Amino acid sequence: MQARLQARGPAHVELKEAWRKADKYMFMKKVKAEVISSKMIEKDIYDLCLNYEGAKDAKPGQFVGVFPESDAHLLMRPISICSFDDKTLRLVYRVVGFGTDEFSKLKEGDSAIILGNLGNGFDVDLCKGKTVVLMGGGIGIPPMLGLAKTLKEKGITDDVHAFLGYRDKNTFLDKEFEEVCNVHLASDNGEIGFHGNVVDALKSSGVKADIIMACGPMPMLKGIKYYAEGENIDAYISLEERMACGVGACLGCVVKTTKEDHHSHVNNARICTDGPVFDARDVDI
Amino acid sequence: MNTKINIAGVEFKNPVMTASGTFGSGMEYSSFVDLNKLGAVVTKGVASVPWPGNPTKRVAEVYGGMLNAIGLQNPGVDVFMERDLAFLSNYDTKVIVNVCGKSVEEYIAVVEKLNDTKVDMYEINVSCPNVKEGAIAFGQNADVLYDVTKKIKEASKKPIIMKLSPNVTSIKDMAKAAEAGGADAISLINTITGMKIDIERQTFVLANKTGGMSGPAIKPVAVRMVYECANAVSIPIIGMGGIATAEDAIEFMLAGATGVAVGMMNFVNPYATEEVVKGIEDYMIRHNIDDINTIIGAVH
């Protein structure tokens, strides 16, 4: 990440080619994907499984753009990849507006229009043999499940703790996390698990993180950045922003960076392509 | 079948281009479309020095289109030459560099740096609604536009296209001013200034409050403006504003555009530019047209 932020000039072209060669962007298409199943798993939270040709190239922490079938609502809705296997892609999302409401009505056999795979994803190799703390808040929880599964399946480390923050006792996906890692629940209103946020839950748990990977609302990510810097722990956080193109062209979804970004050299990195996962030290949030 | 068009002595293999700001410098979309198939790649705005752009939120969806207030974030002409121009030189397509500036001197600084490169043309952005200084200030007053055009034309070794704003009382007066100032062509329309308010938070959706509207919803306005300008000036016009398909492109050409550009719809359909090229050929076959130039301004 740091090397990429600092890259300049023609080196960038080589770098971009290098990413392609490294299969980072191997699958990049807009395709129709058949709906295998779609169900509500909690109030406003939907679980969508797709037969998707890009699934085998997916990485935890990447996202896809899902397009509404509408001439009025044209832009893709960026949705993080929850989990994946060779053929299927699972998206767990919250209904927040026109697009996601339309997706929630998809039925088995329908098709969804997907642009993917987008973004860099979490670098699982950084977790080798370490005590890994995964932190998810609200609708930031789903991508952490794919990461937890990958860490387990690839045998990267067996010391993984997921801290999952919910609003209240209406949790989702937590049982699936329990199958692959240690789970610590937290809720805003104290109805379940630790009463408070995931950072305070981590502090009170006694777990000593070597590395943190997280996705969730901005206040949570700010808290993690502050905590990790204070404790000198590596932290990688997945950011969210309004997007248009999803492929790095429009410069709509930028985040202020502490170092010069490699695209515009103005300390504004593109969340869609330079992220969404950033070293917490590199972003000024 | 001839799909070639000519603007100010530059020959394009077909009329299809990319609208500035929606296609980067081609790199981001090169995994979706073969840039060799396009008439030209029109780059994102390039300034004399890096510009950080506006704070986020920078984009919002609106009915049939979107608003943007990117604020011309760009790495400046030096990085552009080293990286983006080097990248584009690998392709057999024309390169039109969109030039932005906050003063005449800044536009000229970019033009002079690129004068001895393989860039084919400049598109002078005097119409971005999202930056406070310069840009739009040059594009909303005919006398100022004439003056800016004249000064940039004098400094330029390449043909210049003045990109016009629709946010004016009379776009044909602006077209005439550009032509009188020595512009080799004009392109239109840039985005239409708009606003979106989040009624739950009772606040502006965009950090910049206003943004430029683009997308299919603005197409009828753009077609009308192209038609008006085509009847007011004799220099070629590059038409844009909501082009999604070959049918849209043909509509602009019938209204008087020599070239056409796909903008926002690249985000919706990353294959759009290549599909428009193919669709124009299909239209020519369907209508038994030998030369695409015969439909330019042919509406009656």
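The questions and answers below concern a predicted model.

Student: How many residues does the contact take from chain A and from chain B?
Tutor: As the model is predicted, each value here is computed from its atoms. Chain A and chain B bury about 3200 Å² between them, and 61% of that area is on carbon and sulfur atoms. The contact takes 37 residues from chain A and 40 residues from chain B.

Student: Which residues of chain A lose the most area to chain B?
Tutor: The area in question belongs to the contact that takes 37 residues from chain A. Three residues together account for 18% of what that side buries, and they are A:Leu74, A:Leu75 and A:Arg242.

Student: How far apart are the closest N and O atoms in the salt bridge of B:Glu61 with A:Arg77?
Tutor: Across the interface of chain A and chain B, the rule finds three salt bridges. For a pair to count, a side-chain nitrogen of Lys or Arg must lie within 4 Å of a carboxyl oxygen of Asp or Glu. B:Glu61 and A:Arg77 form a salt bridge in which the closest N and O atoms are separated by 2.7 Å.

Student: Which element gives the most to the side of chain A that touches chain B?
Tutor: Across this interface there are 16 residue pairs in polar contact. The elements of chain A that give two or more residues to the side touching chain B are α2 (9-21), β1 (29-42) and β15 (268-270). With six residues, the element that gives the most is α2(A).

Student: By class, how many residues of the side of chain A that touches chain B are nonpolar, polar and charged?
Tutor: The contact draws 37 residues from chain A. By class, they are 17 nonpolar, ten polar and ten charged.

Student: What distance separates the centres of domain 1 and domain 2 of chain A?
Tutor: Chain A is divided into domain 1, residues 25-118, and domain 2, residues 124-282. Their contact takes 22 residues from domain 1 and 25 residues from domain 2. Taken over C-alpha atoms, the centres of the two domains are separated by 21 Å.

Student: What is the N to O distance in the salt bridge of A:Arg90 and A:Glu176?
Tutor: Between domain 1 and domain 2 of chain A, the buried area is about 1800 Å², of which carbon and sulfur atoms give 65%. The count between these domains is one salt bridge. In the salt bridge where the side chains of A:Arg90 and A:Glu176 meet, the N to O distance is 2.7 Å.

Student: Which strand supplies the largest share of the side of domain 1 of chain A that touches domain 2 of chain A?
Tutor: Two residue pairs are in polar contact between these domains. On the side of domain 1 that touches domain 2, at least two residues each come from β1, β4 (77-80), β5 (83-84), β6 (88-94) and β7 (111-118) of chain A. The residues of that side divide into 16 nonpolar, three polar and three charged. The largest share, four residues, comes from β6(A).

Student: Is the aromatic pair of A:Tyr93 and A:Phe103 stacked or edge-to-face?
Tutor: A search of the whole structure finds nine aromatic pairs over all chains. A:Tyr93 and A:Phe103 have ring centres 6.4 Å apart, with 80° between the planes. A:Tyr93 is in strand β6 and A:Phe103 in helix α3 (residues 98-104) of chain A, ten residues apart. Planes over 60 degrees apart meet the criterion, so the pair is edge-to-face.

Student: How far apart in space are A:Lys256 and A:Val266?
Tutor: A:Lys256 is placed in strand β14 (residues 254-256) of chain A. Beyond its neighbours within four places in sequence, A:Lys256 is in contact with residues including A:Asn267 and A:Asp282. A:Lys256 and A:Val266 are ten residues apart in sequence, and their C-alpha to C-alpha distance is 8.7 Å.

Student: What is the omega of the peptide bond from A:Gly275 to A:Pro276?
Tutor: A:Pro276 is in the loop between β15 and β16 (277-279) of chain A. The peptide bond from A:Gly275 to A:Pro276 is cis, with omega near 15°.

Student: What is the phi of A:Asn232?
Tutor: A:Asn232 lies in the loop between α7 (218-231) and β13 (234-238) of chain A. Although A:Asn232 is not a glycine, its phi is positive, at about 55°.

Notes
Residues are numbered from 1 along each chain as its sequence is written. Chains are lettered from A and ligands numbered from 1 in the order in which they are written. This is a predicted model: local features need pLDDT of at least 70, side-chain atom pairs count only at pLDDT 80 or more; totals for chains, interfaces and linings use all residues. Side-chain values use heavy atoms; hydrogens and water are left out. Contact means heavy atoms within 4.5 Å. Buried area is the accessible area (1.4 Å probe) that two parts lose on being put together, summed over both. A polar contact is a pair of N or O atoms within 3.5 Å; within protein, one must be able to donate a hydrogen and the other to accept it, and residues adjacent in sequence count only if both atoms are side-chain atoms. Ala, Val, Leu, Ile, Met, Phe, Trp, Tyr, Cys and Pro count as nonpolar, Asp, Glu, Lys and Arg as charged, and the others, Gly among them, as polar. Domain bounds come from an automatic or database domain assignment. Rings of Phe, Tyr and Trp (its six-membered ring) pair if their centres lie within 6.5 Å; planes under 30 degrees apart count as stacked, over 60 as edge-to-face and the rest as tilted.
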